[in-house]
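Good morning, colleagues. Please look at the model on the screen while I go through its loops, its charged pairs and one of its helices.

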Amino acid sequence: MKQNLIKQFSVSNFPRTRMRRNRMSSFSRKLVSENYLSINDLIYPIFITFGTNIKEEIKSMPGIYRFSLDLLQKEIEIVSALGIPAIALFPKIENHLKNSEGSEALNKGNLICKAIQISKKTNPNLGVICDVALDPFTDHGHDGVIFNNQIDNDKTLKILCEQALVQADAGCDIIAPSDMMDGRVGFIRDKLDDNGFVNVQIMSYAVKYASAFYGPFRDAVGSSINLSNKSKSSYQMDPANSDEAIREVALDINEGADMVIVKPGMPYLDIIHKIKQEFNIPLYAYQVSGEYSMIKGAINNGWFDEEKIVFESLMAFKRAGCNGIITYFAPYIANLLKDNN
Ligand code: PBG
């Protein structure tokens with residue numbers, strides 16, 4: 001029925017129907033605009049590292065830095081002044097602290113816990129999101145522990161629960177399990193609840209593909225050398241699959257997820273759209289490191305207009321159905337949106 005109407009009105013009625021009429025003036029384009037990008041949609045990932053007075057650029061992510069803890073406060077102040085609602089923290093720890101079990105993840109005084117505390121002290125109202133996964137902490141670079149030559153799901157779950165607890169205890173607002181182990185959301189929810197953290201939210205990386213777009217991130221957190229050419233395909237999703245994404249989201253909602261992430265973003269807009277149609281849960285895209293590097297690389301070569309490309313790439317997520325976007329462009333775009341208001 002709808003299809004017939006579309007045919008009737010858009011094909012046969014020219015010149016009475018002119019699509020360009022609504023596009024002719026700036027005020028009209030504003031009135032007919034279907035989607036809107038706001039500072040409230042943004043989550044900014046920040047890389048932290050050991051040492052002092054360190055602000056080092058990540059080679060494969062021009063314009064993105066790792067900060068030592070003493071410089072973090074200033075970054076938090078900048079992000080806060082822009083009105084960005086939340087940050088996602090990622091650590092690069094010293095190599096000698098890594099082991100096969102990722103036990104540094106459970107150290108209450110680890111880099112990530114200290115970073116949470118600095119952020120909360122600087123601005124208690126800035127939402128802090130932390131990855132729950134072992135890859136920045138393991139000497140093999142995998143997200144889980146290895147047993148009988150496999151990434152062992154159930155042994156990993158136990159550690160993840162402890163990791164989530166340590167982060168919640170340090171003041172983290174949103175726990176973001178990112179390793180695609182089965183059952184983790186439910187296990188973590190129970191663990192948090194049993195320890196009184198009933199209001200700590202869970203933003204699940206429900207749909208995370210085994211993607212080459214994570215390459216620059218693995219440089220950033222220092223897991224690429226350890227991981228070498230090993231694959232994460234036994235836990236992350238096959239890029240060929242789409243129905244499987246729906247099952248993953250359904251399971252995570254049942255296990256108690258408050259919000260879900262699709263990752264990477266731009267190559268998976270179809271998945272975002274599909275999830276939005278199936279479920280009423282807050283949905284986020286992670287515009288991952290490789291997407292950032294592609295776009296930024298072309299900007300730096302003078303091939304793209306920075307403002308236009310960043311805006312367009314983020315608007316695509318809103319159009320597809322996202323409530324928000326985790327993006328390395330967050331401060332850049334927040335600056336522009338601020339000036340435009
Ligand atoms: C790991 C993790 C990854 C990212 C976020 N958490 C990479 C991976 O799975 O290897 C990727 C983020 C990005 O590429 O920007 N748990």
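I begin with Asn148, which is exposed at a relative accessible area of 66%; here exposed means over 50%, buried under 20% and partly exposed in between, with a 1.4 Å probe and protein chains only. Asn148 sits in the loop between strand S6 (146-147) and strand S7 (150-151). Helices (H or I, at least four residues) and strands (E, at least two) are DSSP runs, numbered from the N terminus. The phi angle of Asn148 is near 50°, a positive value in a residue other than glycine.

Before going further, a word on the source: this is a predicted model, in which local features need pLDDT of at least 70 and side-chain atom pairs count only at pLDDT 80 or more, while totals for chains, interfaces and linings use all residues. Residues are numbered from 1 along each chain as its sequence is written, and side-chain values use heavy atoms, with hydrogens and water left out.

Met180 also has a positive phi, near 65°, and is not a glycine. Its place is the loop between strand S8 (174-177) and H6. Is Met180 buried or exposed? Met180 is buried, with a relative accessible area of 5%.

Two cis peptide bonds also deserve mention. One joins Phe14 and Pro15, with omega about 10°, and Pro15 belongs to the loop between H1 and H2. Another runs from Lys263 to Pro264, with omega near -10°; Pro264 is found in the loop between strand S10 (259-263) and helix H10 (269-278).

I turn now to charge. How many salt bridges does a search of the whole structure find? The search finds 13, a salt bridge being a side-chain nitrogen of Lys or Arg within 4 Å of a carboxyl oxygen of Asp or Glu.

Consider Glu162 and Lys191, whose closest N and O atoms are 3.0 Å apart in a salt bridge. This pair links distant parts of the chain, with Glu162 in helix H5 (residues 153-170) and Lys191 in helix H6 (residues 184-194), 29 residues apart. Glu162 is partly exposed at 32% relative accessible area, and Lys191 is partly exposed at 24%.

Within helix H6, Asp193 and Arg189 lie 4 residues apart, about one turn of the helix. Their side chains meet in a salt bridge at 3.0 Å, N to O. Asp193 is partly exposed, with 32% relative accessibility, whereas Arg189 is buried, with 10%.

A further salt bridge connects Glu306 and Lys296, with the closest N and O atoms 2.8 Å apart. Glu306 lies in helix H12 (residues 306-320) and Lys296 in helix H11 (residues 289-300), so the pair ties together parts that are 10 residues apart in sequence. Glu306 is partly exposed at 21% relative accessible area; Lys296 is buried at 14%.

Why can H11 be called largely enclosed by the rest of the structure? The reason is that 9 of its 12 residues are buried. Among them are Tyr292, Ile295, Lys296 and Ile299. The length of H11 agrees with expectation, because its 12 residues should span 16 Å at 1.5 Å a residue and its end C-alpha atoms are 16 Å apart; the expected span is 1.5 Å times one less than the number of residues.

Arg20 is exposed, with a relative accessible area of 56%. Thank you for your attention.
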